[in-house]
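Hello,

Here is the structure I promised to pass on to you. Please open it next to this note, and then read on for what turned up.

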Amino acid sequence: MDFPTPKNLNYFWTFGAILVMCLGIQIITGIVLAMHYTPNIAMAFDSVEHIRRDVNGGRIIQAVHAVGASMFFAALYIHIFRGLYFGSYKAPREILWILGVIIFILTMATAFMGYILPWGQMSFWGATVITNIFSAVPIVGESLQVLLRGGFAVGNPTLNRFFSLHYLLPFIIAAVVALHIWALHVPGNNNPIGVEVKSKRDTVPFHPYYTMKDMFAMVVFLIPFAWFVFFAPDILGHPDNYIQANSQVTPEHIVPEWYLLPFYTILRAIDFNVLFIDSKLGGVIAMAGSMLLLVVLPWLDRSPVRSGNFRPLFRWFYWLFVINFIGLTYLGAQPAEGIYTLLAKICVAYYFIYFLVILPLLSRIETPKPLPTSISESVLKKAHA
Amino acid sequence: MATQAETQTTRRDFLYVATGAVAAVGVGAVAWPLINQLNPDASTLALATIRFNLDGIEVGQSVTILWRGLPVFVRHRTEEEIETARETPLSELKDPQTDAARVKEGHAEWLVMIANCTHLGCIPVGESGEYDGWFCPCHGSVYDTSGRIRRGPAPTNLVVPPYEFLTDSMIEIG
Ligand code: HEM
Ligand code: FES
């Protein structure tokens, strides 16, 4: 608790603590659900309904877990976009950032497998579509896909192993979070002006200042969380997932959970062959690439100024990137036809151009605004302004 | 003398390498069963061959059957569908294949294909799409009356599983 923390952190810096809380909520409610759930294709769907209808308090516990996944991702995205704006990924925080990206990818994998467990139509077809992605790998693709599914199609073996892994992965995430926080404690926090801590005057002790601020933020975060749980537990899900899985009928329109939509759009936007790479492999490469770009981001954006507040040009492209990302999310939920396919290609193009062209270029041509000499100076100036 | 001892391979070097090799083989021998258990089990493989009677499927009708857990389309094609499939020039195809190569000789009216879209595995809807073949609602792949990919993200034609005609009205898949 004796961790000197910059005194100018704003509320975007509370999301790390909120994420720890979210992980805790998922683990506790998950362990409870596992006491009543049956991972068998004949019984899984009914066992979830059994939890929702018969188990004491099951209706709430199941809703907390399902809504919790969405809230987890909402917090993750805010946390990541905070880092993107304030340049938190820059030296000396590269390891911290990369561990964060690993957490993000592991969390997506966990959430995806969790969504298979109720064995509804979207569960089944989501699993089919995603395991099919692996068949795009050259040469070993088909065998890899069969190995993952434990059969030629998604079936009981698939459900069983996904349940096993869905239980395991959050504990691995918890371990990586421990490393993430350790990596945070070495360089210390970044802050909204992106100027490193220079003296004791720039910091306050973590406790009680930030423990209390974090707790207040958690309470505020729990308000919409509770609203969803009590008043609209199913609103974030898809109605088709309340129909039991049927391997012979594909739902009208397969949509993953909202938080996976941006990457889903990237996956399916590539509907043309590029040289010897066919459209299917191309989509997979684009999707994997969009995540791997985050890993190398610290080396793409070479601007020495961290905070977007002092980068007049960067800000425009950053906010366009945010809008574009929301666009990718929206398009993932639309059918792949007509104008949507074109828009998807434009949004995917901007996603890649932002990282690969705009950020490297900006670090060369942009003239940043003058930086305050220290955190205290900027805080005091604000007080007098 | 000392330098000679260093450059020559000694008994000890041999023992090091041999120990390492045994350890590597040992780790592999333990790891492989742990990975292989993920592969399809005996009960899944037992369903690998099935027979199916074609009697009663009218011209223009399709049925979907299950083979190895995968849905399979069996379609009794109309004359018109066969004609359009045959007349399509190969140059218009993304994955060029003649219609004849996708059916059994003398049984051109029967089209048997795995029903999973070759993109990401959804089940396309029959008698729809621009080519009156199949349309995959997931990401918009369009197949023709021979199940060949015409447009959209799917890379290849719908897969024809290995099968044979035992009699004129009985096929064996697998
Ligand atoms: C379960 C998921 C995660 C948890 C529990 C978690 C937790 C935390 C905590 C407690 C902090 C310190 C407080 C704060 O600055 O908000 C932090 C900082 C940070 N996190 Fe995460 N995090 C998670 C995921 C991620 C992801 C996915 C990324 C990026 C891709 C990321 C990037 C960062 C960075 C760059 C910092 C340092 C920022 C700064 O102090 O300015 N984190 N994280
Ligand atoms: S699964 Fe058919 S188009 Fe993607």
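Below are some notes on the iron site, the interface, the backbone and a salt bridge.

First, some housekeeping: this is a predicted model, in which local features need pLDDT of at least 70 and side-chain atom pairs count only at pLDDT 80 or more, while totals for chains, interfaces and linings use all residues. Residues are numbered from 1 along each chain as its sequence is written, chains are lettered from A and ligands numbered from 1 in the order in which they are written, and side-chain values use heavy atoms, with hydrogens and water left out.

Let me start with the metal. His79(A) and His180(A) coordinate the iron atom of ligand 1 through their NE2 atoms, at 2.1 to 2.2 Å. Donors here are N, O and S atoms within 2.8 Å of the metal (3.2 Å for Na, K and Ca), and sites may look incomplete since water is not among the atoms. The iron has 6 donor atoms around it, and the arrangement is octahedral because their angles run from 79 to 179°. For six donors, that label asks for opposite donors over 155 degrees apart and all others between 65 and 115. His79(A) sits in helix α3 (residues 58–86) of chain A and His180(A) in helix α7 (residues 156–185) of chain A, so the pair ties together parts that are 101 residues apart in sequence. Helices (H or I, at least four residues) and strands (E, at least two) are DSSP runs, numbered from the N terminus.

Next, the interface. Chain B puts 31 residues in contact with 30 residues of chain A, contact being heavy atoms within 4.5 Å. The two chains bury about 2400 Å² between them, 62% of it on carbon and sulfur atoms; buried area is the accessible area (1.4 Å probe) that two parts lose on being put together, summed over both. Leu38(B), Leu120(B) and His139(B) supply 25% of the area that chain B buries against chain A, more than any other three residues. Between chain B and chain A the count is 0 salt bridges, a salt bridge being a side-chain nitrogen of Lys or Arg within 4 Å of a carboxyl oxygen of Asp or Glu.

The backbone has a few spots to look at. The peptide bond from Ala91(A) to Pro92(A) is cis, with omega near 0°, and Pro92(A) is in the loop between α3 and α4 (94–116) of chain A. The bond from His207(A) to Pro208(A) is also cis, with omega near 5°.

Finally, Glu366(A) and Arg311(A) form a salt bridge through their side chains (2.8 Å, N to O).

Best wishes

Notes: Four donors count as tetrahedral if all angles lie between 85 and 135 degrees; four count as square planar and six as octahedral if opposite donors are over 155 degrees apart and all others between 65 and 115; anything else is irregular.
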